[in-house]
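Morning, everyone. Let's go through the pockets first, then the surface.

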Amino acid sequence: MDWQLFGLAFLTVFLAEIGDKSQLAAIALSGSSNSPKAVFFGSVAALILTSLLGVIIGGSMSQFLPQRLLKALVAIGLMLMSLKLLWVSSGQEN
């Protein structure tokens with residue numbers, strides 16, 4: 001196993017997930033339920049499944065697209081999502 005890649009993936013996903021909507025939803029669910037363990041295991045299962053889907057899709061796309069193009073498409077997608085979030089949040093200040 002490539003431990004450097006493992007560490008990079010862990011750190012990237014960990015930092016990306018801190019304070020996002022799924023964490024806030026888990027906080028709200030666990031605070032309003034009688035079974036925080038169920039919320040924890042449900043949240044873990046959801047994160048594992050979404051990560052698995054991302055790895056499968058990324059691995060499949062890398063079979064057909066050059067790595068440089070795939071990275072560019074991901075960067076453009078993240079930029080567009082960020083711009084949309086900024087656009088929506090700036091419109092709600094009124």
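Start with the largest pocket: about 970 Å³ of space lies in it. The largest share, nine residues, comes from α3. By type, the lining has 13 nonpolar, nine polar and two charged residues.

A word on provenance. This is a predicted model: local features need pLDDT of at least 70, side-chain atom pairs count only at pLDDT 80 or more, and totals for chains, interfaces and linings use all residues. Numbering runs from 1 along each chain as its sequence is written, and side-chain values use heavy atoms, with hydrogens and water left out.

Terms, quickly. A pocket is an open set of points on a 1 Å grid over the protein atoms alone, where a 1.4 Å probe fits, with protein on both sides within 12 Å along at least five of seven lines; lining residues have an atom within 4 Å of a point. Helices are DSSP runs (H or I, at least four residues), numbered from the N terminus.

Next, the second largest pocket. Its volume is about 610 Å³. It is lined by 21 residues, with E17, S22, S43, V44 and L47 closest to its centre. Here α1, α2 (21-31) and α3 each give two or more residues. Again α3 gives the most, with eight.

Last, the surface. F10 lies in helix α1 (residues 3-17). Is F10 buried or exposed? Exposed (over 50% relative accessible area, 1.4 Å probe, protein chains only), because its value is 53%.

How values were computed: Buried < 20%, exposed > 50% of the residue type's maximum accessible area, 1.4 Å probe, protein only. Points joined across faces, edges and corners; volume = space filled by probe spheres on them. Nonpolar A, V, L, I, M, F, W, Y, C, P; charged D, E, K, R; others polar.
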